[in-house]
Amino acid sequence: MNSKFLAYLVKRLLMALLTIFLVIAITFFVMHAIPASPFSSEKAKSDAVIAALEAKYGFDKPVPVQFLNYLKNILRGDFGLSTGWVGNTVIELIMGGFSYSARIGFTAGLIAIILGIILGSVAALQRGRALDKIIQVLTTALVSMPSFVMATILLLIFALQLGWLPSLGNQPGGLVLPIISLSLYPMAYVTRLQRSSMLDVLGQDYIRTARAKGVRSALVIFKHALKNSLTPVITYAGPMMAYILTGSMVVENIFSVPGLGRLFTNSMLRTDYMMIMGVTIFLATMIILMNFLSDILYKVVDPRIELS
Amino acid sequence: MSMLEVKDLHTSFFTPSGEVKAVNGLSFSLEKGKVLGIVGESGSGKSVTAYSILQILTSPGRIVSGSIKFNGEELVGKSEEEIRRIRGNKISIIFQDPMTSLNPTFTIGNQLREAIMLHTDRDRRQANERAVEMLRLVGISEPEKRIHQYAYELSGGMRQRVMIAMALACEPDILIADEPTTALDVTIQAQILELMLQLQKELGMAIIMITHDMGVIASICDEMIVMYAGGVCERGTTDAIFYHPMHEYTRGLMRSIPDMSDDEKVRLIPITGTPIDLLHIPPGCPFAPRCDRAMKICLREKPREYWVGRNHLSACWMNVKNNACFETRPEEGYEEAEE
């Protein structure tokens, strides 16, 4: 078992490295195919200034050489200098943004998963009754509402009209609205997944066995049914967590949270090559990491699953 | 007094297209330590009868009326908590498909311990000992190792043995076996039946054996019930029914058993037609549309059960017509009429 697990880990690691390399290569060459330069702006700079800047950041070399240099630097843990926020390294900026995004994202993701599992299970148990119908209507509405509409409505009601919560992310309590806006969609999605999965499990023979043994109905659900019904949610939760942790462009912009999502949007507006590549690689790594975690969780939940 | 006494049981499924009367006026009794067979084709209400006794029916199914008395205690109308204490403790059940009846995500040991700890004061360690003991009793090798395994690591026959161990862990008075060998291959079938009989003798419980295999009934049951469309055609001791079937449906079932003793090739005689639609039960005998000897009254009026022997009841108009039945139980020494 242990040597098998080690082999699995090594395999996953190699796969991850290959994936990250491909992400780097694609982002790099796509970025360099864009005609815009990081130094183009409304204010015309002289050719000499631009040439000097390009030399400083190494953009004057042929693209393949730049690529090799970039790879070499990454291996040393150096993701380069930002051209959009002069004087900052990409790593510093990403970590700065991530500290905000992760805080919001982790809370929102956790709320979404826990509430989603509870609401979905309740809906399944109340199948066809009023509570189930209410949950279904609400979650359908929530999954079909774009996040910018959701965030704007929340902002309008709770910040402007009721004045309960601040509208800006850097004020005390200011992270509450972004967390709610971020969590609603995944929560609704998890609820729907959990409802159908729970319904499926409740019809299984082993649930009947548990009841026939004389297990209390609450325990039938929370022990026998719940564990078996979690697989779809785990599948969804892995990538969902990766996205939500790395920040939402829309929500962070609306609530002015200086997180990774906002950083990403701004680095695109500033054609900051280094930042765009840095954030993309970071996002890819997070997704790979989260997928790995959900694979491990599968095994915890369902012993039949072979990690290979 | 019988240990289990079912009287005029009606269980229905309330589907969007109407009430499906799965069990429709069933009565029977079970004595302590006896083996009772319930035979009938698919959809005749055998399993629903079992689920009704334990009240593990799932929505939209429920008991509509009737009485189920266990040791004189009425089970119908008991609270969920009261009936829960009986399930798996006094009355246990094993199911048809051992492949799907065990929870795939908990170890065998966990599921066995759960059954034991629910109904006894044993702590975890004692429950574990009991689990190992039960696994050994049902003939599973290396039980100490097995309790750490999951259902998917065991074969079908082994899983059914685990199910039996789980059902018997609290030494129930009644074991309901709902087609316990249908999903197993033939050699394993014989082993499982033998195991059940052996345990029945050792532990002294009664068994309700639900099956569609007349051979199983003949070889292990003291008494039997022939069910059709949710009701009883005929019930009594296995000997009485096998030697003197007093219902056209039972006779049809007997004719459809392949006879291996003859060297000649004999065609099996099937019962023609299909079972009636339980959504729209016609008046009269439910078997009448398929019965070769149906009379006018059979289509008009449903026959009730009459005594046709000292340990033998049948619901067939033919017996009334032939003067072969009684309102009350015949005296001792009564010889059954030869058909």
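**Salt bridges and the A–B interface**

The side chains of Asp132(A) and Arg195(A) form a salt bridge, with an N to O distance of 2.8 Å. This pair connects distant parts of the chain: Asp132(A) lies in helix H5 (residues 130–144) of chain A and Arg195(A) in helix H7 (residues 176–202) of chain A, 63 residues apart. Both residues are buried. The model is predicted. Over all chains, the whole structure holds 21 salt bridges.

In chain B, Lys46(B) pairs with Glu179(B) in a salt bridge, the closest N and O atoms being 3.8 Å apart. The two residues are 133 residues apart. Lys46(B) sits in helix H1 (residues 46–54) of chain B, and Glu179(B) in the loop between strand E7 (174–178) and helix H8 (186–203) of chain B. Lys46(B) and Glu179(B) are buried. The salt bridge of Glu142(B) with Lys145(B) has its closest N and O atoms 3.9 Å apart. Glu142(B) is partly exposed, at 43% relative accessible area. Lys145(B) is also partly exposed, at 44%.

At the interface, 20 residues of chain A contact 30 residues of chain B. The buried area is about 2,300 Å², and carbon and sulfur atoms give 53% of it. Arg208(A), Arg211(A) and Lys213(A) supply 28% of the area that chain A buries against chain B, more than any other three residues. Two salt bridges are counted between the chains. In one of them, Lys213(A) meets Glu114(B), with the closest N and O atoms 2.8 Å apart. Across the interface, 19 residue pairs are in polar contact. Helices H8 (205–213) and H9 (217–229) of chain A each give two or more residues to the side that touches chain B. H8(A) gives the most, with seven residues.

Notes: Residues numbered from 1 in each chain as written. Chains lettered and ligands numbered in written order. Predicted model: local features only at pLDDT ≥ 70, side-chain atom pairs only at ≥ 80, totals over all residues. Heavy atoms only, no water. Contact = heavy atoms within 4.5 Å. Buried area = accessible area lost by both parts, 1.4 Å probe. Salt bridge = Lys/Arg side-chain N within 4 Å of Asp/Glu carboxyl O. Polar contact = N/O pair within 3.5 Å; in protein donor to acceptor, adjacent residues only side chain to side chain. Helix = DSSP H or I, 4+ residues; strand = E, 2+ residues; numbered from the N terminus. Buried < 20%, exposed > 50% of the residue type's maximum accessible area, 1.4 Å probe, protein only.
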